[in-house]
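Please read the following account with the sequence and the three-dimensional view side by side.

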Amino acid sequence: MTAATLRAEGVGVVIGGRALVEDVSLEVATGEVVALVGPNGAGKSTLLRTFYRALRPTSGRVLLDGDDVWQLTGRQLARRLAAVLQEAPGEFELTVYDVVAMGRSPYKRAFQGDDAADLRIVTDALAALDVAGLAQAPFDRLSGGEKQRVLIARALAQQTGTMVLDEPTNHLDLRHQLDALHLVRRLGVTAIVALHDLNLAAAFCDRICVLDAGRLVAAGPPTEVLTADLLTEVYQVDAEVNVHPRTGIPQISVVPDPEHRRKGAA
Ligand code: ADP
Ligand code: MG
């Protein structure tokens, strides 16, 4: 599970005659954590789907340590790259333990059971995401945030060097948002993470890539990318970018339009 380099070369996705992603080239260096941000519908999930091979790009290619992901078998890819998705399709009837144990399947033959090493890996992953107490609970009954943590635990149990995460902090409370991103950093894996929270992106990610209407419009360290002008252009908001007094990390605050501010606010 050594960290790899993930590269998109001129990736384009056209569906139903519409370009959802256009000519995106980016590289996530070994061990780097890159945020993918942009408005709803910008194409973040679509681009990430091409990375974990759920969608074949119409043009361009995706390379993992130089290997085109479409040249690998599903199993080979699953040993090298784990994906944490927004929605978990059809995990009904499974316990939390079972869902996390699915992370071990790329290493097994059909019907091969879990051995002691698998048990330890799954148990560690459950503990790392603070879901050990839910191990025997049915996955379907969990809250959105608990489900999300279980799916991150599954990716962890997969022991890959690269992770693709699509809004993994969406349903999480503040503590668990920080824990999830601390964990990704601590693992030392190569990671690309779609995030809505620009402050989290600035705090945890080495670089930020901004997608707008399917195109990559900015990429670079948070201090270079997160400017008031960019936020206005991409998100159509009036925003202030300050430097956090304790961390030196850029801090974004959105300024509500004057007519909608609460009574008494300046
Ligand atoms: P984001 O993750 O940035 O919010 P998505 O990648 O989910 O954006 O979607 C980008 C655009 O592509 C949206 O307008 C969405 O409706 C459209 N889209 C996504 N998947 C499909 C699909 N399979 N067929 C047609 N349109 C799609
Ligand atoms: Mg999305």
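Six strands make up an open sheet of mixed pairing, in the order S6-S7-S8-S3-S9-S10; strands here are DSSP runs of E with at least two residues, helices are runs of H or I with at least four, and both are numbered from the N terminus, while two strands pair if DSSP finds at least two bridges between them. Because strand S6 (81–84) and strand S10 (215–220) each have a single partner strand, they stand at the edges, and one side of each is left without a neighbour in the sheet. On average, neighbouring strands of this sheet are turned by 15° against each other, direction ignored.

This is a predicted model, in which local features need pLDDT of at least 70 and side-chain atom pairs count only at pLDDT 80 or more, whereas totals for chains, interfaces and linings use all residues. Residues are numbered from 1 along each chain as its sequence is written, chains are lettered from A and ligands numbered from 1 in the order in which they are written, and side-chain values use heavy atoms, with hydrogens and water left out.

Strands of a sheet pair through backbone hydrogen bonds, either parallel or antiparallel. S6 runs parallel to strand S7 (residues 162–166), to which four bridges join it, and alanine 82 stands opposite methionine 163 in S7. Strand S3 pairs with S8 in the parallel sense over four bridges, with alanine 35 opposite valine 193; S3 also pairs with S9 in the parallel sense over four bridges, and there leucine 36 stands opposite cysteine 209.

Five of the five residues of S3 are buried, so S3 is largely enclosed by the rest of the structure; buried means under 20% relative accessible area, with a 1.4 Å probe and protein chains only. Val33, Ala35 and Val37 point one way from S3, and Val34 and Leu36 the other way.

Helix H1 (residues 44–51) lies across S3, S6, S7, S8 and S9, running at about 155° to S7, where angles run from 0 to 180 degrees between N-to-C directions and axes are lines fitted to C-alpha atoms, for helices over the stretch in contact. Helix H9 (residues 228–235) packs on the sheet and touches S3, S9 and S10, and its direction makes about 30° with that of S9; contact means heavy atoms within 4.5 Å.

The axes of helix H4 (residues 116–128) and helix H5 (residues 144–157) come within 9 Å and cross at roughly 140°.

Conventions. Buried means under 20% relative accessible area, exposed over 50%, partly exposed in between (1.4 Å probe, protein chains only).
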